[in-house]
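Colleague: Could you walk me through reading the fold of this one? I'd like the general idea, then the case at hand.

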Amino acid sequence: MTIVDTPRETAVTDAIALVERHAAHNYSPLPVVASSAEGAWITDVDGRRYLDCLAAYSAVNFGHRNPEITATAHAQLDTLTLVSRAFHSDNLGPFCAALAGLCGKEMVLPMNSGAEAVESGLKVARKWGAEVKGVPPGRANVIVAHNNFHGRTISIVSFSTDPLARDGFGPFTPGFRSVPFGDAAALARAVDDDTVAVLLEPIQGEAGIIVPPNDYLPTVRALCSEHNVLMIADEIQSGLARTGYTFACDRWGVVPDVYLLGKALGGGVVPLSAVVADRDILGVLRPGEHGSTFGGNPMAAAIGSTVVSILARGEFQARSAALGAHLHGRLRELIGDGVLAVRGFGLWAGVDVDPSLATGKEMSLRLADRGVLVKDTHASTLRFAPPLVVTAGEIDWAVRQLALVLREAGP
C-alpha cells in the first residue's frame, strides 16, 4: 500500500523542515506555519485558522493588517523607503513631534528593535550621568530588577538573572545592580552617588506578567527624583494600550524620565522603537555618538505617525480596558479547575497552570490543536495577549478551549 501525505502534512512538514535545516535554532516555535492573517486570526498554509492570543509579543496590538496602518505602508512604498540619517526625510520630524507629544516629552531617538531602544537608553543614561550628574568615568551604575527581560544583547543579558540567557555568553558588561522586583526598600539600598538610572518594566512580561505592589512605582519615582537618578520605563511590551492605558505607568500615575518603546510602535508591519525623553536627557547625544542606518527611516516614521494618531484617539485603550476585564473574569473562573492564578491588566494575562497537569509548552501545543495560539513562559505559565481588535465572543471561545484542555489533562 502506498501512503500519500495529505496536503497539510506535506506543506507544514516541509516548511518546518526547511527552517530546521537552515535557520539558527534560537526559538522553539509551535508547529504552526502561518500564511496569512487578519484582525485577530492567523491562517496556516493549509487554510486552518487560529485565534492569535500572543499578538507577536504585543507587536500586533492593533490587529494583523490593520487597514489604517497597511494603507500608510502601501502609500509610502510608492514614495520613499530609506535614505539613512545622512539626509532629512519628510516623515521623521512629524513622527518625532507626534510621539514626543503622546509621551509628554520633548525629544525622540528613533531606533529599530526593542533591544536597540534599551541599549540606546542605557548609553544615554551613562552619558547623562557623566555630563549632567557628574559621575566619574567608569563608575556609573544602573539598577535593574530580578527576572527582568529587556532583550538578548550582550549588555542586556549581562544583568539578566535567567541562566538560559546568560550561560556561555560571558564575559559580561559591568555596571549593573539587580534587586528584587517590587521591593522598593531593596532598590533604595542599592542607590548610591554613582547611580545614573533605574531600569524597570512596569509589569514584567517574560517573567509571567508580574504586577508590582501598588505603591512600588510611585516609590521608585520618588526615590529617583530624590537622588537625581533617571527612571527608565521599558514599555516595549506593556505600553501602547496593551494594559488599558497608553502606558502601563499611567495606571499608577507615574511619569518616568525616559520611555523605551517598540513592538506595537511599528504597527505589526516594520521594526520601530524609540527612546523618548526631555531635551536635558536626550540632548547629551551629539553627531557621531550614536546612530542607526534604518533608525527613523521614512517607512517606519510614516507608520509610527499613524500608530500615534490611532493611540491619540483612545479607542484601543478603552477596548483593552473593557475586554481585559472580561478576559480576566473568564480566566479567573478556571482557578481551582487546573488554573492556580491569573495576573495582569487589560488584554494581558499570565495564567499559572497546575504543573501536575502539564507544562506550559504542552498546554500551548494542546491549545494550538484547538485553534488557539499562546506561548508559555517559566515552565507552567501561559501568556494571553490577543490583538486589541479581539471580540468578547472570541475571548469566550478561547477560554472555553483552555477549559477543555485543562479537563482533558486532569486526573
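Colleague: Which share of the contacts in the protein links residues 24 or more positions apart?

Modeller: A contact means heavy atoms within 4.5 Å. Among contacts with a separation of 6 or more, 73% join residues 24 or more positions apart. This is a predicted model, where local features need pLDDT of at least 70, side-chain atom pairs count only at pLDDT 80 or more, and totals for chains, interfaces and linings use all residues. Residues are numbered from 1 along each chain as its sequence is written, and side-chain values use heavy atoms, with hydrogens and water left out.

Colleague: What does the radius of gyration say?

Modeller: It is taken over C-alpha atoms, and the globule rule is 2.2 Å times the number of residues to the power 0.38. For 411 residues a compact globule would come out near 22 Å, and the protein has 22 Å, so the two agree. The C-alpha trace spans about 75 × 50 × 45 Å along its principal axes.

Colleague: How much of the protein is buried?

Modeller: Buried means under 20% relative accessible area (1.4 Å probe, protein chains only). Here 53% of the 411 residues qualify.

Technical notes
Buried < 20%, exposed > 50% of the residue type's maximum accessible area, 1.4 Å probe, protein only.
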